[in-house]
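Here are my notes on this model. Please read them with the structure open.

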Amino acid sequence: MLRAASIAGGIGLLILGPAAGAAFAQAEPPTEGMLQATGPEGQALGPCPLEHTDVQVRITGFVARVEVTQKFHNPFDYKIEGVYVFPLSQNAAVDDMTMTVGERVVRGVIKPREEARQIYEEAKAAGHVASLLDQERPNIFTQSVANIEPGERVEIRISYVENLDWQEGTYHFDFPMVVGPRYIPGGGSAPAPMTTGQPTPEVPDADKITPPVIPEGMRAGHDVSISVEIAAGFPIRDLKSPQHEVEVDYADGIQSEANVTLKDRKVIPNKDFVLTYKTATDDIGDTLLSHFDDRGGFFTLILQPPQRVAPEWIVPKEMIFVIDKSGSMSGFPIETAKKTMQMCIENLNPDDTFNLMTFAGGVGFCFDKPVPNTDENRAKALAYLQSLQGSGGTEMMKAINACLGGDQDPDRVRIVCFMTDGYVGNDLAIIGAVKTNAGTTRVFSFGIGRSVNRFLLDGMARAGRGEVEYVLSQAQADGAANRFYDRVSTPVLTDIEIDWGGLPVDEVYPQWIPDLFSAKPVVIKARYTAPASGTIRLTGRRGSEVFERDIVVNLPGTFGRNEVIASLWARAKVEHLMDQDLPGIQSGQPDAVIKDAIVKLGMEYRLLTQYTSFVAVEELTITRGGQPTKVLVPVEMPEGVSYDGVFGKKEGGFGGGGGFGGGRGVMYHNGGKAANASMPLRRARIAPMSLGAPMAEYEASGIVVSPRDLLQAIDDDANLTPEQKRERKLQIKLAAELQGLAAKVGDDGNYSDGKVKVVNNRIEVAVYLADTSEATIKKLESLGFKILVRTKSVKMVIGTIEVSKLEVLALLEEVRRIQLPAFTTK
């Protein structure tokens, strides 16, 4: 069948299958096209109001300060409100936001979330330019910018601080670039699809964490640049960026300072930016970072891990391998997970027992119960594993209950190895369930994919007293499996405690220090009530022996300039408080005491939280033109994630949400560069060809053709009757939900079905045109089309027309496509 693409700038692209190959002449390069932002159902959202995101990172030792600048532009001839859902690090302590309007810079103020929303809405109603930054999850945020006037630009700068991760001698910095599609459970008996945005009892804020996903092959129109300055203190070595090409400039002769930038300064934001490096010394030493002010003292203590020692014997384990085979794992992610799990199975110890569990819409098992590690059982498990394909929903809670429930072998330690991309909307509840049900089980999570839900995966491992591993590609599978077995067989340090030796230390986080399964430091954030010096003692078990180390600590009383240490402590306490009520927070009914404590922390430490937001209002200017039109900024599909797996295979050609109608198809952007490099887009001329054959014959092949050329081919095809030509043109030009609509309207002239609204026989539509000349506009108006909106940069108008004239309008030569707009102009 033909698969269609959303149109931008009056032209889109279609993929034709092998049956059409002979009909093409030599391909020619496409002209450059401006992207039309669309949602997951293909509705017009207008040209993307987010132009560019610039990320500046400064790393000093273990601390990273990150500044994210979002540049919004209004390409319309009416004022708008831009809304962008985006990710930041799951560990970010967001402590500042500023808004720049023209030459004026307005610093955001922190307010309780409800109060911040009220200030923003009142400013929007009054015509002021305003911005609002909300946290939806610790790694998902919403930026709203109201009253951006036509042609104007607004810049939002967000600043946060976080501690760097260090494992096995390697520093890790990660910057997420895209919010992956979320499966929303709790929708009743019907399957809950990905990214519906419809709230359910289990995910009442689903609409806030499911931004519209750009159609397959299209660009979201905004890009990202990243610059990282590293002040390591020691010569830097083995600097790598596994997912992006980078340029590295060393600032000094000994290479202890480096500036890292993306080689392509305008990168598609569809996968995490990951940076790793080592220094000339594998030892990090014991480090105390402190700050003292009127509120008292704060410190972050980073303690060098001991060396791993070989165990005298390996504790027998009951290994439960859980693999996510939902739709979003289809293709690259599940193949990577299968390769990683295969390595894990092949490395089982002789005395281990094991089982394989799968989940999507339900839960499946390879064996009825854990079985001994024999050649026969491994062969059965590997055959079961290789048969898995990604499809269906992501009912992760069922898998959590199954793998953590049931009888446990008293002679073995149960280890659950969970492989998933984490694309679920009930992530808070999942972490809460692991915390409640893990008992003595250890949960190890594997994030499979290039832009996974790190908040969930980190949280599961933390709640299950295990460790997390991220596998970005199949090439990393062997190393990930080997590290997993090193961790579960030979932990670096367990049963960790710190004796503070009488020092005036208070509110220590984490309150329970997790075991170290890899060579990573013990990181403590705490307060101190008075200046003091003394010796603390770190104790634990290393294999069968007791480990002890004394560390001299000085807690200064002089006012310092490391205020970020206070922010990091407050962020740690917020995480601790949230962990006490994850199900309540997930359901939108948090414990009042916990919520109040989080609000108090956010206000006192100027910190963005689930219940405090940043708001900025430019009060010197009042914009004109009434209320702004909301325009949602679409996001990229994470690289490697299947559109078919997430949204399902589309039947019926152009309808059912496919292509023009629903976030699928192919679109060129920036001179014809495809979002999927494996399928370069080529625009070709069509020779006269028979389209009388069934549409299902045309399958994707990588040869592309514009709808304009396809329409011409229909006109040139002598094998089609006039009625067949008319039907084919309407199938291409009219969105599925608009086809045959006139026959559905009642005698009263009204009709409503989802987003389709007919009132007094008229419907509001977005019309894409070959040109927007006055002659073309007059043709539309001669059919009774009443224009409500004309865009500046895209050949598209929004207006109303009688339903009975929709097909006549679509058949005008100047009309390329008609579909529903994402927003109403009323």
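1. About 80 Å³ of space lies in the second largest cavity. A cavity here is a set of points on a 1 Å grid over the protein atoms alone where a 1.4 Å probe fits but cannot get out, and lining residues have an atom within 4 Å of a point. Grid points are joined across faces, edges and corners, and the volume is the space filled by probe spheres set on the points.

2. The model is predicted: local features need pLDDT of at least 70, side-chain atom pairs count only at pLDDT 80 or more, and totals for chains, interfaces and linings use all residues. Residues are numbered from 1 along each chain as its sequence is written, and side-chain values use heavy atoms, with hydrogens and water left out.

3. Which residues line the second largest cavity? They are Thr53, Val68, Gln70, Tyr84, Phe86, Pro87, Leu88, Phe175, Pro176, Met177, Val224 and Pro269. Ten are nonpolar, two polar and none charged. Ala, Val, Leu, Ile, Met, Phe, Trp, Tyr, Cys and Pro count as nonpolar, Asp, Glu, Lys and Arg as charged, and the others, Gly among them, as polar.

4. Strand 5 (63-73) and strand 6 are the elements that give two or more residues to this second lining. Strand 6 gives the most, with three residues. Helices (H or I, at least four residues) and strands (E, at least two) are DSSP runs, numbered from the N terminus.

5. The largest cavity holds about 100 Å³. Its lining has 14 residues; Pro87, Asn139, Pro176, Val452 and Arg454 lie nearest the centre. The lining divides into seven nonpolar, five polar and two charged residues. The count of cavities of 30 Å³ or more is five.

6. Strands pair if DSSP finds at least two bridges between them.

7. Strand 6 (residues 80-87) and strand 35 run parallel, joined by four bridges. Ile80 stands opposite Thr629 in strand 35.

Methods:
On a 1 Å grid over the protein atoms alone, a cavity is a set of points where a 1.4 Å probe fits but cannot get out, and a pocket is an open set with protein on both sides within 12 Å along at least five of seven lines; lining residues have an atom within 4 Å of a point.
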